[in-house]
Amino acid sequence: MKDKTLLFQSALQCRNNAYAPYSEFKVGAAIKSSCGKIFGGCNVENISYPCGTCAEAGAISALIADGETAIAEILIVADTANILPCGNCLQKIAEFGTPDTLVHSADLNGNIKTYTLKQLLPNVFDAKEIKNA
Ligand code: THU
């Protein structure tokens with residue numbers, strides 16, 4: 001519970017800095033690593049629309065840049081009742097998580113719904129699909 005509050009606060013703070021002038025849909029994300037550290041990110045859009053990045057991607061970059069590689073939990077917050085990571089982000093989360101990694105979805109009031117990664121991405125593309133990976 002306490003962890004979720006910290007994740008929520010961190011993601012909300014990041015969301016305040018989101019750069020989303022085109023969609024006007026600000027998203028914040030916060031990851032708790034397996035070591036217990038928290039890493040945040042926000043969406044960063046671009047006038048060349050496909051260049052934009054999701055909040056989850058920002059948080060994952062911060063995790064990796066700090067030398068960590070394991071996502072224990074991730075929380076995403078937006079101005080909607082049940083924001084869920086897009087398919088692209090689920091695949092990114094899967095790279096550094098496990099099927100049991102918790103994915104929390106929060107609205108701006110701190111109402112949180114919790115899923116496991118395997119609920120959201122039951123059939124992940126993973127290393128066993130590639131020989132020598
Ligand atoms: N967005 C995220 O940051 N995370 C998601 O999981 C879904 C979508 C962003 C991308 C874009 O900047 C805006 O939300 C509208 O799609």
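Helices (H or I, at least four residues) and strands (E, at least two) are DSSP runs, numbered from the N terminus.

I remind myself that this is a predicted model, in which local features need pLDDT of at least 70 and side-chain atom pairs count only at pLDDT 80 or more, while totals for chains, interfaces and linings use all residues. Residues are numbered from 1 along each chain as its sequence is written, and side-chain values use heavy atoms, with hydrogens and water left out.

**Neighbours of E3**

I looked up how E3 pairs, where two strands pair if DSSP finds at least two bridges between them. E3 and strand E4 (residues 102-106) run in the parallel sense over five bridges, whereas strand E1 (residues 27-33) and E3 pair in the antiparallel sense over seven bridges. I then checked burial, taking buried as under 20% relative accessible area, exposed as over 50%, and partly exposed as in between (1.4 Å probe, protein chains only). Seven of the eight residues of E3 (residues 71-78) are buried, so this strand is largely enclosed by the rest of the structure.

**Salt bridges**

I found that the structure holds three salt bridges, each being a side-chain nitrogen of Lys or Arg within 4 Å of a carboxyl oxygen of Asp or Glu.

One of them joins Glu-73 and Lys-32, whose closest N and O atoms are 3.4 Å apart. This pair links distant parts of the chain, since Glu-73 is in strand E3 and Lys-32 in strand E1, 41 residues apart. Lys-32 also stands opposite Glu-73 in the strand pairing. Glu-73 counts as buried at 11% relative accessibility, and Lys-32 is buried with 15%.

Next I looked at Lys-37 and Asp-66, which form a salt bridge with the closest N and O atoms 2.7 Å apart. Lys-37 lies in the loop between E1 and strand E2 (38-42) and Asp-66 in the loop between helix H2 (55-65) and E3, so the pair ties together parts 29 residues apart in sequence. Lys-37 is partly exposed at 40%, as is Asp-66 at 38%.

Last, I noted that the side chains of Asp-100 and Lys-118 meet in a salt bridge (2.5 Å, N to O).
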